[in-house]
Amino acid sequence: MVNDPKDKLNPNRGAMDSDPEEEELGGTMSFLEHLEELRERMIRALVAFAIAAAVCFMFSNELIKILLKPIPQEYQELSIAQQLTNVTIMAEQLEAMRASPQSATEVVQNIIQSASPSLAVSHRGGARVMATHPIESLIAQLKVSLIAGLFLAFPVIFYQAWMFIAPGLYKRERRAVLPLILSAWVCFIGGGIFAYFIVYGFALAFFATTTPEGVVNMWSLKEYLNFTTHFLLAFCIIFQEPVVITLLARIGLVTSDALRKFRPYAIVLMFSLGAIITPPDPISQTMCSIPLCLLYELSIQIVRVIERKQEISG
């Protein structure tokens, strides 16, 4: 085999002739350099999260009102006829006080006893939230601000995580960064919106209607917000399924055929995951698992589209 003399004059020719799409974004890094890069990315993500949480704290009262809105408000108010009946009873008792030596305390007791049948309002099906600790409202504001800050800073956090991985990938894989970041953020917000407007109100109404007769739903603000944030974040996380599977397909770890074959096991896994990341009740677990299964089917179709594009591009 005769060597090309041009190769001797240009020893880097082989590297120049390589496919630019297969060139790595960065060179090799030592273990300490990886740790330094990880530290820098984590600091940037934390700074973005802190700024977003501080901004959300300025609007914490409005955010809490939004979270309280799905609570079923089915408390029956007194009708006009009932109010007029109470006024008539009070007038009769006051008129009787003039003709009898009863004390004012006795008259008030008589008024309450006479009006009590019309004041017997059914509270079944509704709920109210109350603060049971002096600093519970402040803690609630802080917690809501942190959760909302996570929503707001999620694109930056996802971007920093991806840029930590990106130096070990090829240029053709970097082109998927921006669409993945936007898709992840949209899916994250979409999961919260889906849970808030479609699932959560129904779940709260169901819980409120299961209250026995004679029991009034008075929920603690702390416990209600814990339940709400846990519920919403669970849906935000599970809606990342198409993004994760798309990322795995782009780097060649999964295929559409493998996903279809794994479907029966995936359904069982998703119902198990729904039982883990949602509160311990069958309604929220089922409503969490069904979207997971639908998102899995959507992911299969997305992977098929990616595979067809890769076949066309050669």
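1. Let me start with V55, which counts as partly exposed because its relative accessibility is 37%, a value between the 20% and 50% cut-offs. V55 sits in helix α3. One thing to keep in mind throughout: this is a predicted model.

2. Together with I43, V47, I51, M58, F59 and L152, V55 makes up a nonpolar patch, and the accessible area of the whole set is about 670 Å². Helix α3, which covers residues 31-58, supplies the largest share of that patch, 5 residues. As general background, nonpolar side chains in soluble globular proteins tend to be buried together. I'd have a look at this patch with that in mind.

3. R39 pairs with E36, with 2.8 Å between the closest N and O atoms. Both residues belong to α3 and are 3 residues apart, about one turn of the helix. R39 is partly exposed at 46% relative accessibility, and E36 is partly exposed as well, at 42%.

4. About one helical turn separates E37 and R41, because they are 4 residues apart in α3. Are these two buried or exposed? E37 comes out at 17% relative accessibility, so it counts as buried. R41 is buried too, at 14%.

5. E297 and R263 meet through their side chains at 2.6 Å, N to O. E297 is in helix α14 and R263 in helix α13, so this pair ties together parts 34 residues apart in sequence. E297 is partly exposed, with a relative accessibility of 29%; R263 is partly exposed at 27%.

6. R263 also shows up among the contacts of Y296. Leaving out residues up to four places away in sequence, Y296 touches E241, I245, L259, F262, R263, A266 and M270. Y296 matters for the core count as well: the largest nonpolar core has 44 residues, and L225, F235 and Y296 touch the most other members. Which elements give two or more residues to this core? They are α4 (60-68), α7 (136-165), α9 (177-209), α10 (221-238), α11 (241-250), α13 (263-277) and α14 (282-313).

7. I237 lies in helix α10 and is exposed, its relative accessible area being 57%. The C-alpha atoms of I237 and G192 are 9.0 Å apart, although 45 residues separate them along the chain. Q240, in the loop between α10 and α11, is buried instead, with a relative accessible area of 10%. Beyond residues up to four places away in sequence, Q240 touches F154, A184, C187 and F188.

8. A strand residue deserves a mention too. S220 is in strand β2, residues 217-220, and counts as buried at 17% relative accessibility. Its contacts, not counting residues up to four places away in sequence, are V129, M130, T132 and E136.

9. For the chain as a whole, the secondary structure amounts to 14 helices and 2 strands. Of its 314 residues, 32% count as buried. Among contacts between residues at least 6 apart in sequence, 83% join residues at least 24 apart. The chain exposes about 19,800 Å², with carbon and sulfur atoms supplying 67% of that area.

10. Last, confidence. Mean pLDDT for the chain is 76, and 69% of the residues reach 70 or more. Residues 75-80 have pLDDT below 50, and this stretch has 15 contacts in the model beyond near neighbours in sequence. Residues 115-124 also stay under 50, with 17 contacts beyond four places in sequence.

Key. Residues are numbered from 1 along each chain as its sequence is written. This is a predicted model: local features need pLDDT of at least 70, side-chain atom pairs count only at pLDDT 80 or more; totals for chains, interfaces and linings use all residues. Side-chain values use heavy atoms; hydrogens and water are left out. A nonpolar core is a set of buried Ala, Val, Leu, Ile, Met, Phe, Trp, Tyr and Cys residues joined through side-chain atoms within 4.5 Å. Buried means under 20% relative accessible area, exposed over 50%, partly exposed in between (1.4 Å probe, protein chains only). Contact means heavy atoms within 4.5 Å. Patches are made of residues with over 30% relative accessible area and no salt bridge: like charges are joined within 9 Å, nonpolar side chains (Val, Leu, Ile, Met, Phe, Trp, Tyr) within 5 Å. Accessible areas come from the Shrake-Rupley method with a 1.4 Å probe; for residues, only the protein chains shown count as cover. A salt bridge is a side-chain nitrogen of Lys or Arg within 4 Å of a carboxyl oxygen of Asp or Glu. pLDDT is the predictor's confidence in each residue, from 0 to 100.
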